Amino acid sequence: MAPIREGKWDCPQCGFKGNRGSEIKCKQCNKVRGNDVRFYVEEDAAEVAEQEKLEKAQAGADWVCQYCDAINPAGNKACKQCHAERTDKKREVKEILDQPEAPPPPPRKSNAKMFAGIGALVALLCGGGTCLVCSTSEKAATLEATSWERTIEVQKYGTVIKEAWRDEVPGDGRIQRTERKVHHTDKIQTGTKTTQVSEKVQTGTKTVKVGKKDLGNGYFEDVTKEQPVYENRMVDKEVPVYREDPVYKDWATYEVEEWHKDRVVRASAADGAPKWPEPRISGDKEREGPKTEVYRATFKDEKGKELKWDKVPYADWKDFKVGQTYKLAVSMAGGIEGLVKAKK
């Protein structure tokens, strides 16, 4: 039989706390406890040992008179207040389970302290919901100079030498030579061996308290369950033994005709008039490939500090005027994030 403990209740009429669960009336104001009074039990409450109290606890939940709402012990066949016959309305009997403990965190790797330190630093810098590392400030600065650079890749159609596994050479590839190389290794089991390993072995069970049951009469019964008990033991175990067998394939050097990068032509200047370089395409075996364009600007703030913006959007850059002052969004690291646009 699971241990039984006497609970307590607080009087809603006078506020007296800690009436014994089995008492029907408040010790201070003598008011009868109602059906809405909540029982509770303290964690260090003693286990009930007296036979008379155990029988009372096990008799069942208190019942409520349907005529006068008086609370009566389970053993009463008639209401002690109005003497009406016993009714089926009873206080609720319910289990109250303890919250399960959170599982322990997984073991950290050797660099966990470093990551924890970085996390703490980020938390410090980003405290209060605002990331200090990522935040920007407005700064007025005068445009000192602009520059640009544009490139065009020129591609050529012709012979290219490549390498690949022979079975991956394209159909129009012309193999020049091959050599045997290890493509992968196959794991082949050659037998087994006996080794000792640590294994968790169940050695028995133990009874643990997982909650309590409100018996509806001022008493509580421990809710228990059986849990397995384990210990680590070294046991013999057969484990497979393998060998690594290399698998060889042909590695081919081949020629193939395709478009490939031949050269890159560039144009750049420190002015505000960008233009594309002349690729000078020669015949039908050359063509233009990908293009790139980069726009830069140099500013000086009110203290004479130089600020460089290396990747200016063209939409902003094309309207820049040297000598004009602009409002810039500058990061904590000193990089320019963009222009601060005037609110409409």
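Trainee: Is glutamate 43 buried or exposed?

Mentor: Buried means under 20% relative accessible area, exposed over 50%, and partly exposed in between, with a 1.4 Å probe and protein chains only. Glutamate 43 has 64% relative accessibility and therefore counts as exposed. Please keep in mind that this is a predicted model, in which local features need pLDDT of at least 70 and side-chain atom pairs count only at pLDDT 80 or more, while totals for chains, interfaces and linings use all residues. Residues are numbered from 1 along each chain as its sequence is written, and side-chain values use heavy atoms, with hydrogens and water left out.

Trainee: How many helices and strands does the protein have?

Mentor: Helices (H or I, at least four residues) and strands (E, at least two) are DSSP runs, numbered from the N terminus. The protein has 3 helices and 13 strands, and 27% of its 344 residues count as buried.

Trainee: With which residue does glutamate 43 meet in a salt bridge?

Mentor: Side chains of opposite charge can pair when their charged atoms come close. A salt bridge is counted when a side-chain nitrogen of Lys or Arg is within 4 Å of a carboxyl oxygen of Asp or Glu. Glutamate 43 meets lysine 212 in this way, at 3.9 Å from N to O. Glutamate 43 lies in the loop between S3 and H1, whereas lysine 212 lies in strand S8 (residues 174-214), so the pair ties together parts that are 169 residues apart in sequence. Lysine 212, at 14% relative accessibility, counts as buried.

Trainee: Which salt bridge does glutamate 42 form?

Mentor: Glutamate 42 pairs with lysine 8, and their closest N and O atoms are 3.5 Å apart. These two are 34 residues apart, with glutamate 42 in the loop between strand S3 (19-20) and H1 and lysine 8 in strand S2 (residues 8-9). Glutamate 42 is partly exposed at 39% relative accessibility, and lysine 8 is partly exposed at 29%. The whole structure holds 24 salt bridges, and Glu6, Arg20 and Lys53 are linked in a network of them.

Trainee: Which residues have the most contacts inside the largest nonpolar core?

Mentor: A nonpolar core is a set of buried Ala, Val, Leu, Ile, Met, Phe, Trp, Tyr and Cys residues joined through side-chain atoms within 4.5 Å. The largest one here has 16 residues, and those with the most contacts inside it are Phe299, Val312, Phe320 and Leu328. Strands S7 (136-165), S10 (286-301), S11 (306-309) and S12 (325-331) each give two or more residues to this core. A second, separate core has 8 residues, including Cys11, Cys26, Val37 and Ala45.

Trainee: What stands opposite leucine 328?

Mentor: Two strands pair if DSSP finds at least two bridges between them. S12 and strand S13 (residues 336-339) run antiparallel and are joined by 3 bridges, and leucine 328 stands opposite leucine 339 in S13. The two strands form a hairpin with 4 residues between them, and glycine 334 in the turn has a positive phi of about 95°.

Trainee: Where is aspartate 62 found, and with which side chain does the side chain of aspartate 62 make a polar contact?

Mentor: A polar contact is a pair of N or O atoms within 3.5 Å; within protein, one must be able to donate a hydrogen and the other to accept it, and residues adjacent in sequence count only if both atoms are side-chain atoms. Aspartate 62 is in the loop between helix H1 (51-58) and strand S4 (63-64), and its side chain makes such a contact with the side chain of arginine 33 at 3.0 Å. Aspartate 62 is buried, with a relative accessible area of 3%.
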